[in-house]
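Please walk me through this protein model. I would like to start from single residues and work out to the whole chain.

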Amino acid sequence: MKTRIVIIGGGPSGLLLSQLLHRRGIDSIVLERKTKDYVLSRIRAGVLERGIVKLMEEAGCADRLHAEGIPHDGTLVSYGDEMFRVDFTELTGTPVMVYGQTEVTRDLYEAREKAGGRIDFEVEDVQIHGADSDAPYVTYTVGGEAQRIDCDFIAGCDGFHGVSRQTIPLSVRTEYEKVYPFGWLGILSETPPVSEELIYANSSRGFALCSMRNPQLSRYYIQCSLSDSVNDWTDDAFWQELKRRIPSDVADKLVTGPSIEKSIAPLRSFVTEPMRWGRLFLCGDAAHIVPPTGAKGLNTAASDVHYLHEGLCQFYETGSNEGIDRYSEKALSRVWKAERFSWWFSSLLHRYPDQSPFDLKMQIAELEFLRSNKAAQKAMAENYVGLPY
Ligand code: APR
Ligand code: PHB
């Protein structure tokens, strides 16, 4: 088989790239290790920057996002019983959109199917060949059958545990990592959200987040120990602990109910450089991970896709290599800013096991400064709604 771009990974990065390229008449084939249902069963975050909303519009799949997504003009931050609001729209002119990553992925699958896009599911033993040559190709098996696709370029959109990053020789790759000494225990519940806007809570018992998917579907998180397992936490224990971490007047309004999903996620910051090796380009989680605190995972994957899509279109439409040659530099420049914001927001809101009394005073002083200073709020808001591409 032959195509222009082989895209490894049928998550949001791979699908968005495939759909955007299709809109410009550039063929691609997507290879996904799991089934479509499995990919759609993964519960992930749900805050969209203006950048990915624009890309979904460009990809022709933003109708449901605009119909069902909830624009948020601001967010709430609490510490103890103190709570203040950061008004994104007042400070930056732009709201964010609350719309689940699962729904984004669902919309992209629908668009690829409608366009007759090729996606091979349940592929195995994917291997990249000749990425550092002018004739790259990918081999894999599907249904026990060996396959080979010759292509011009390969997009590694296969997440943190994928094959693409591992294909780049260690001699060429530099990896940066920070592992946080806690995790997030998250639940999804068919209950009305406790607040119209998200609440990011710093409390003496640790971090908590009150989020939502729609007026009948809420998403809550609490900071937990990395040694915890989901079985250690009954729904009731979760609700009791959440109430202890948010302002008491908010806790009094909290509607509780059975969880329909419950999981623990570790927190990590990770970046690999470069994000290109010959004709192989890394996008999204294949190249970088952020702690979920700033909701930057999907949004930063989308900016990668933007830069790569631009570079590939320039290559096919003008013959210029400028865009693809500058892809890694451009993508990493924005990735590191998203890493910094996610690290800063995580440091501001979580309690660390080895935190000294002085460290705690620093955290409170930073929260006090953010509460009382518009310039500090503007800096936070600009990062939260998404820095320009
Ligand atoms: N071959 C084919 N597919 C693979 C392989 C492989 N060897 N390895 C992994 N995959 C698939 C996974 O099954 C997954 O569906 O690649 C896909 C990668 O998708 P994501 O992990 O969702 O990564 P990405 O598309 O970059 O999206 C980033 O996802 O994890 C969140 O917070 C993250 O929001 C961010 C977003
Ligand atoms: C979510 O709704 O799942 C969510 C929202 C904001 C975050 C992280 C997760 O920062």
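**From one serine outward**

S164 is found in helix α7, which covers residues 164–167. This is a predicted model. Is S164 buried or exposed? Its relative accessible area is 0%, so S164 is buried.

What does the side chain of S164 meet? It makes a polar contact of 2.8 Å with the side chain of D158. Setting aside neighbours within four places in sequence, S164 is in contact with I8, I128, G156, D158, L280 and L282.

G156 has 0% relative accessibility, so it counts as buried. Again leaving out neighbours within four places, G156 is in contact with I8, S164, L280, F281, L282, C283 and A286. K54 lies 102 residues from G156 along the chain, and the two C-alpha atoms are separated by 23 Å.

Now turn to helix α13, residues 357–372. Which residues of α13 are buried? They are Q363, L367 and L370. Seen down the axis of α13, the buried residues fall within an arc of 60 degrees, so they line one face of the helix. An α-helix has 3.6 residues a turn, so residues three or four places apart point the same way.

The face of α13 turned away from the buried side carries exposed residues: P357, F358, K361 and S372. What covers the buried residues? The cover includes two helices, α12 (327–349) and α14 (374–385). It also includes the strands β5 (74–79), β6 (82–87) and β14 (199–203).

Next, some backbone exceptions. Most residues other than glycine have a negative phi, and most peptide bonds are trans. Where is the cis peptide bond? It joins E273 and P274, with omega about -5 degrees. P274 has its place in the loop between β17 (259–273) and β18 (276–277).

D125 is not a glycine, yet its phi is positive, about 50 degrees. D125 is found in strand β9, residues 123–129. A295 is not a glycine either, and its phi is positive at about 55 degrees. A295 lies in the loop between β20 (288–289) and α10 (297–318). With a relative accessible area of 10%, A295 is buried.

Last, the whole chain. Its secondary structure comes to 14 helices and 20 strands. The radius of gyration is 21 Å, close to the 21 Å that the globule rule gives for 389 residues, so the chain is as compact as a globular protein of that length. Along its principal axes, the C-alpha trace spans about 60 × 40 × 40 Å.

How much of the chain is buried? Of the 389 residues, 54% count as buried. Among contacts with a separation of 6 or more, 72% come from residues 24 or more positions apart. The chain exposes about 16100 Å², and carbon and sulfur atoms supply 50% of that area.

Technical notes: Residues numbered from 1 in each chain as written. Chains lettered and ligands numbered in written order. Predicted model: local features only at pLDDT ≥ 70, side-chain atom pairs only at ≥ 80, totals over all residues. Heavy atoms only, no water. Buried < 20%, exposed > 50% of the residue type's maximum accessible area, 1.4 Å probe, protein only. Helix = DSSP H or I, 4+ residues; strand = E, 2+ residues; numbered from the N terminus. Arc of directions from axis to C-beta. Contact = heavy atoms within 4.5 Å. Rg over C-alpha atoms; globule rule 2.2 N^0.38 Å. Areas by Shrake-Rupley, 256 points an atom, 1.4 Å probe, with all protein chains shown as cover. Polar contact = N/O pair within 3.5 Å; in protein donor to acceptor, adjacent residues only side chain to side chain.
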